[in-house]
Amino acid sequence: ENSAKAKQSDDDAEVSERSEVLSKEKRELSSGEEFLSATEAFLSPAPSVADNAKELHAEADKALAAPQQALAEQRALAEQRALTEQQALAEQKARAEQKVLAEQKALAEQKALAEQ
């Protein structure tokens, strides 16, 4: 009976020791799982960060292209206005030259009539 009690006591001690070891391993495993979960959570946004960077880069390209396009349009309008003004000035000059020629002709005719 004493040996059965001693064996039972030894078995209980071994079960208790194994239980403590299993509890410790379970805590370590749980801690490892928490670490793994935290690592996965930390790493999982990495693709979205890269996607966000690409999206921001594309938006920046668009934002830079808009003023460049506006400047090109303004330049084209300014060039068109300059050409229109040059054409108007050329027409004005031609009319002025025709007027001067007409006046010179009229003066020459008056002079010719006066000399007769």
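Is E14 buried, partly exposed or exposed?

Reply: In this predicted model, E14 counts as partly exposed, because its relative accessibility is 40% and that class covers values between 20% and 50%. The partner to consider is R18, which forms a salt bridge with E14. The closest N and O atoms of R18 and E14 are 3.4 Å apart, so the pair falls within the 4 Å cut-off for a salt bridge. R18 is exposed, because its relative accessible area is 55% and the class begins over 50%.

Both R18 and E14 belong to helix α1, which spans residues 2–43. The two residues are 4 positions apart, or about one turn of the helix. Side chains of opposite charge can pair when their charged atoms come close. Under the rule applied here, the count for the model is 1 salt bridge.

Buried residues account for 0% of the 116 residues. The chain exposes about 10800 Å², of which carbon and sulfur atoms supply 57%.

With regard to charge, the chain carries 15 positive and 24 negative side chains. The centres of these two sets lie 12 Å apart.

Note on methods. Residues are numbered from 1 along each chain as its sequence is written. This is a predicted model: local features need pLDDT of at least 70, side-chain atom pairs count only at pLDDT 80 or more; totals for chains, interfaces and linings use all residues. Side-chain values use heavy atoms; hydrogens and water are left out. A salt bridge is a side-chain nitrogen of Lys or Arg within 4 Å of a carboxyl oxygen of Asp or Glu. Buried means under 20% relative accessible area, exposed over 50%, partly exposed in between (1.4 Å probe, protein chains only). Accessible areas come from the Shrake-Rupley method with a 1.4 Å probe; for residues, only the protein chains shown count as cover. Lys and Arg count as positive and Asp and Glu as negative; His and the chain ends are not counted. The place of a charge is taken as NZ of Lys, CZ of Arg, CG of Asp or CD of Glu.
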